[in-house]
Amino acid sequence: MLITRHAEAEAVLADTRYVPPPVRQDGAEGTLAWLRAHVSRFSTGEPHAERRRALTDLLDGVDPAELREQARAMTVQRRGDWRGVPTDVLGTALGVADTSAVPAAAAGYLSGEESPRADAAVAELLTQAGLPAITLLLQGYAATEGLIGNALERARPGDDADALLHETLAWHPPLTATRRLDTLTGDEVTIDLVTANREAPHSHLTFGHGVRPCPAPAHALALAAGVLEGVLG
């Protein structure tokens, strides 16, 4: 079933009856499949709550304002070459010195597409950090870079970063759809975030809603705003 109306999308996202489609649970320890089976995004019930709390507890020690300034400064230092800046800044804040494995691990994080390269990247990250930090890096990688890229496509020099991000989140979100499984019927539900957002742009669903909201909207926006300020001046 495809949902495009904002109110219907909110109702699904707020109902515990709808859960993420299951991921396989038999991946070898340290692989991408194993990681996906142990993170909050693909879990439900108390495991989801516990894993999400681990993320928010870790983020409590990270100041979004500092992330914003560091992202701005690094973007300027790199002369506007902003790709990788959000991940490097967040990695430093989380104690992950080398984030070079993040893109390869993130490539299959949402899709579940497994590969030896992704498995090796996950194994490398596990030598540096625990699952909460790795989860934040992987969940933030494509989403934050996608948000920045979408914003820059419509940006002009001197634009206000916060206003530009608000508009982009509502009208051009980096994640265009999200899926849920109806536990009563077994049917899969797809929420068209673009269409739903445009029906009510001032209460967009880009950071989720209800049962499973994004754990780090302030941090993601801070990183994106800092990059935009560094690029746009």
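Visitor: What covers the buried residues of H3?
Guide: The cover includes helix H8 (131-153) and helix H11 (217-232). Helices here are DSSP runs of H or I with at least four residues, strands are E runs of at least two, and both are numbered from the N terminus. Keep in mind that this is a predicted model, where local features need pLDDT of at least 70, side-chain atom pairs count only at pLDDT 80 or more, and totals for chains, interfaces and linings use all residues. Numbering runs from 1 along each chain as its sequence is written, and side-chain values use heavy atoms, with hydrogens and water left out.

Visitor: Which residues of H3 are buried, and what puts them on the same side?
Guide: His-48, Leu-55 and Leu-59 are the buried ones. They cover an arc of only 40° around the axis, which places them on the same side of H3; the arc is taken from the directions from the helix axis to the C-beta atoms.

Visitor: Why does Ile-134 count as buried?
Guide: Buried means under 20% relative accessible area (exposed is over 50%, partly exposed in between, with a 1.4 Å probe and protein chains only). Ile-134 has 1% relative accessibility, so it counts as buried. Ile-134 lies in helix H8. Leaving aside neighbours within four places in sequence, Ile-134 is in contact with Leu-35, Leu-125, Leu-126 and Ala-129, where contact means heavy atoms within 4.5 Å.

Visitor: What makes E3 and E4 a pair?
Guide: Two strands pair if DSSP finds at least two bridges between them. Five bridges join E3 (residues 177-182) to E4 (residues 188-192), and the two run antiparallel.

Visitor: What is the volume of the largest pocket, and which residues lie nearest its centre?
Guide: About 1200 Å³, and Arg-41, Leu-110, Gln-139, Ala-143 and Leu-175 lie nearest the centre, among 50 lining residues. H8 gives the largest share of the lining, eleven residues. On a 1 Å grid over the protein atoms alone, a pocket is an open set of points where a 1.4 Å probe fits, with protein on both sides within 12 Å along at least five of seven lines; lining residues have an atom within 4 Å of a point. Points are joined across faces, edges and corners, and the volume is the space filled by probe spheres set on them.
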